[in-house]
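Here are some exercises to work through with the sequence and the model side by side. Try each task yourself before you read the solution.

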Amino acid sequence: MPESIALITPSVSVASAEALAAALAPRLLAQAAHSDVEGGFPTREFGWLREAGLLAAPLPVALGGSGLGETAHTAALLSTLRHIGRGNLAVGRVYEGHVNALQLLQRFGQPAQVARWAQEAAQGHLFGVWNTEAHDGVKLEPLPDGRFRLHGSKTFGSGAGHVTRPLLTAALPDGGWQMLILPADEQVPRYASEFWQPLGMRASASFRIDFAGLEIGTEDLLGQPGDYYRQPWFSGGAIRFAAVQAGGAEAVFDETRRFLQRLGRTNDPYQRQRLGEMSLLIAQAQHWLQAAAGVAARPDAATAAEATVAHANLMRSAIEDICLRVLPLAERCVGARGLLRPEPFERLHRDLTHYLRQPAPDAALADAGRYALEQTSPAYQLWQP
Ligand SMILES: Cc1cc2nc3c(=O)[nH]c(=O)nc-3n(C[C@H](O)[C@H](O)[C@H](O)COP(=O)(O)OP(=O)(O)OC[C@H]3O[C@@H](n4cnc5c(N)ncnc54)[C@H](O)[C@@H]3O)c2cc1C
């Protein structure tokens, strides 16, 4: 069992989960420079999240959580992710994967499986979702005794070596795309840390991971083949990583303002103009988070999957654009001096720039365009079927 696993996690309410994350953000930010190590992992930070009850929070109340993973609480979840992201994007990335896995297992797991995994999460096991792969992706070979042998690798497996319950996707012999949750403390994969020589997000430990030869049972399989890509949850889930990214933009904003206040550079009209532009962008991001939460929490969000996905695609595209505009404004505000360590801008820039590279950005916006072109309803009704 890795050192990061503690045995007790208190449960917290949805509102206090969000407040606890907000309170943790400055601590995470203060620690971020020390955790910014290639191949490292923010172990201390995850100890804080665990102590605060934030690792169990996405579980249902009946299973020791606070229900933060339920769609009705999407606003609180996105805000929690934003706060963790503004503290440290690498922590936010790994926490978002943990939340995603807990949501997927609640949605697609059998009751006995959900109870078992919820107990493990409450004990402190860290979950994650490892789907990305290269040419040698993960395959499941059925064995005569009913078990399965794994072959192949994943890339960008965040939290490698620390996530003890990774949710993997794997190809069945007939091509079906099957989810499974690997007990990685018992069936230990090979972690290739040399894969992770990144621009930023060093502490996310997003290694290449080889699963060849490991074995699982049917109790480790999650849902039916194809469930992982079911909509609106697959594409709609992009609002979670976008919330973390928005937190990164807020950190850049807060630190820029702090820097200018400290230097007494707040009366300059050009700095004011730039802070006005940055305020506009940050407020836009906050509005997008609220709007995305409202759409995701609608009772018809699942049945009106196309509209839900289209709105999520717009939201993630908007947040990416906002972040890409905030960064150069901040650089101009703080100048070359501000880009020297120990100022945080160098790290914030690297981390946010790298974390903005999420799957299929062109396809996401093009799909929102396709959806709009296929509808005839006026714009004010377009995402509210
Ligand atoms: C810090 C970090 C942590 C991550 N952690 C995880 C994790 O824990 N689990 C996980 O599963 N994944 C993880 N990922 C991977 C992530 O989810 C994305 O899959 C990955 O970042 C996308 O990589 P890419 O930008 O190289 O993608 P690409 O798909 O190669 O996109 C790059 C560009 O090419 C374009 N493009 C895409 N397809 C085509 C095409 N066919 N022809 C032409 N252009 C194309 C895209 O629109 C984009 O402009 C992580 C990524 C990062 C950066």
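Predicted model: local features only at pLDDT ≥ 70, side-chain atom pairs only at ≥ 80, totals over all residues.

**Exercise 1. Work out which strands pair with strand 5, and in which sense.**

Solution. Take the two partners in turn.

Step 1. Strand 1 (residues 127-130) runs parallel to strand 5, and four bridges join them. To locate this pairing, look at G128, whose bridge partner in strand 5 is P166.

Step 2. Strand 6 (residues 177-181) pairs with strand 5 in the antiparallel sense, over five bridges.

Step 3. Five residues lie between strand 5 and strand 6, and G175 takes a positive phi near 95°.

Step 4. N131 sits in the loop between strand 1 and strand 2 (139-142), and its side chain makes a polar contact of 3.5 Å with the side chain of W177. At a relative accessible area of 15%, N131 is buried.

**Exercise 2. Describe the shell around the ligand: how many residues surround the ligand, and which are the closest?**

Solution. Start with the count and then go to individual atoms.

Step 1. The ligand is surrounded by 16 residues, of which the closest are R93, T132, F156, R357 and D362.

Step 2. Classify the shell: seven residues are nonpolar, six are polar and three are charged.

Step 3. Ask which elements contribute. Strand 1 and helix 11 (361-374) each supply at least two residues of the shell.

Step 4. Check the ligand's nitrogen atoms. A polar side-chain atom of T132 is 2.7 Å from a ligand nitrogen. A backbone N or O atom of V129 lies 2.8 Å from a nitrogen atom of the ligand, and for a polar backbone atom of F156 the distance to a ligand nitrogen is 3.1 Å.

Step 5. Finish with the area. The ligand taken alone exposes 970 Å², and the protein buries 58% of that.

**Exercise 3. Compare F156 and G157: is each one buried or partly exposed?**

Step 1. F156 has a relative accessibility of 43%, so it counts as partly exposed. G157, with a relative accessible area of 0%, is buried.

Step 2. Look at the backbone of F156, which has a positive phi of about 55° although it is not a glycine.

Step 3. Follow strand 4 to its neighbour. Strand 4 and strand 8 (residues 207-210) pair in the antiparallel sense over three bridges, with S153 bridging to D210. Strand 8 also pairs with strand 7, again antiparallel and over three bridges; there, A192 stands opposite R208.

**Exercise 4. Locate the cis peptide bonds from Q231 to P232 and from R341 to P342, and say where each proline lies.**

Solution. Treat them one by one.

Step 1. The bond from Q231 to P232 is cis, with omega near 10°. P232 falls in the loop between strand 10 (221-222) and helix 6 (233-236).

Step 2. The bond from R341 to P342 is cis too, with omega near 10°. P342 lies in the loop between helix 9 (305-338) and helix 10 (345-355).

Step 3. Relate this to the record. UniProt, in an unreviewed entry, places "domain: Acyl-CoA dehydrogenase/oxidase C-terminal" at residues 236-352. Over those residues the chain is 82% helix and 0% strand.

Note on methods: Residues numbered from 1 in each chain as written. Heavy atoms only, no water. UniProt positions renumbered as here; feature names shortened; annotations may be inferred. Pairing = 2+ DSSP bridges. Near = heavy atom within 4 Å. Polar contact = N/O pair within 3.5 Å; in protein donor to acceptor, adjacent residues only side chain to side chain. Areas by Shrake-Rupley, 256 points an atom, 1.4 Å probe, with all protein chains shown as cover. Nonpolar A, V, L, I, M, F, W, Y, C, P; charged D, E, K, R; others polar. Buried < 20%, exposed > 50% of the residue type's maximum accessible area, 1.4 Å probe, protein only.
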